[in-house]
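Please examine the structure shown below.

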Amino acid sequence: MPVAAQEPIAVSPPRQAPLASRGPRIAVATLLRWIMLAVFVGAGSAKLLGVSSMVALFTAVGFGQWFRYVIGIGELTGALLLASPRTALPGTCLLSLLMIGAAGTEMFILRRLPLSSGLTLLALVVVAMTSLRPARRP
């Protein structure tokens, strides 16, 4: 359909990038995701390999060795899900559930403040929140 000569043509102006760039924030979120991946690969591997401190913890809590294997496999699975930005959200959900259980164990069974599991849970929440935002395309 031809356009009449007297009819104005609407052209949208090109989009300009916002003044505040999200580059450093995304880099920090990605770094935090990789740090969490390394933490959970180390913790899950230690549980599966039978590091004495991990075995003593599960024995002190009163769970059998099968529970140590389940938690170790869960930590490694969550860490593998963190490796990809597309699967980071399910990975953080799985690991957050494990950290809530760890915090409960620290508070109610070991009778101490859940500092390490609480900080790890907070870091996982930050990773989850940043993975909810879609990546900007240039």
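Q: Is tryptophan 34 buried, partly exposed or exposed?
A: The model is predicted, with local features requiring pLDDT of at least 70, side-chain atom pairs counting only at pLDDT 80 or more, and totals for chains, interfaces and linings using all residues. Residues are numbered from 1 along each chain as its sequence is written, and side-chain values use heavy atoms, without hydrogens and water. Buried means under 20% relative accessible area and exposed over 50%, with partly exposed in between (1.4 Å probe, protein chains only). Because its relative accessibility is 42%, tryptophan 34 is partly exposed.

Q: Which helix holds tryptophan 34?
A: Helices are DSSP runs of H or I with at least four residues, numbered from the N terminus. The run covering residues 23–49 contains tryptophan 34, and this run is helix H1.

Q: Within what arc do the buried residues of H3 fall?
A: Arg68, Ile71, Gly72, Gly74, Glu75, Gly78, Ala79 and Leu82 are buried in H3. Trp66 and Leu80, on the other side of H3, are exposed. The arc is taken from the directions from the helix axis to the C-beta atoms. The buried residues of H3 line one face of the helix, because seen down its axis they fall within an arc of 160°.

Q: Which side chain of opposite charge is nearest to arginine 68?
A: Lys and Arg count as positive and Asp and Glu as negative, while His and the chain ends are not counted. Arginine 68 is buried yet has no salt bridge (a side-chain nitrogen of Lys or Arg within 4 Å of a carboxyl oxygen of Asp or Glu). At 10 Å, the nearest side chain of opposite charge is glutamate 75.

How values were computed:
Helix = DSSP H or I, 4+ residues; strand = E, 2+ residues; numbered from the N terminus.
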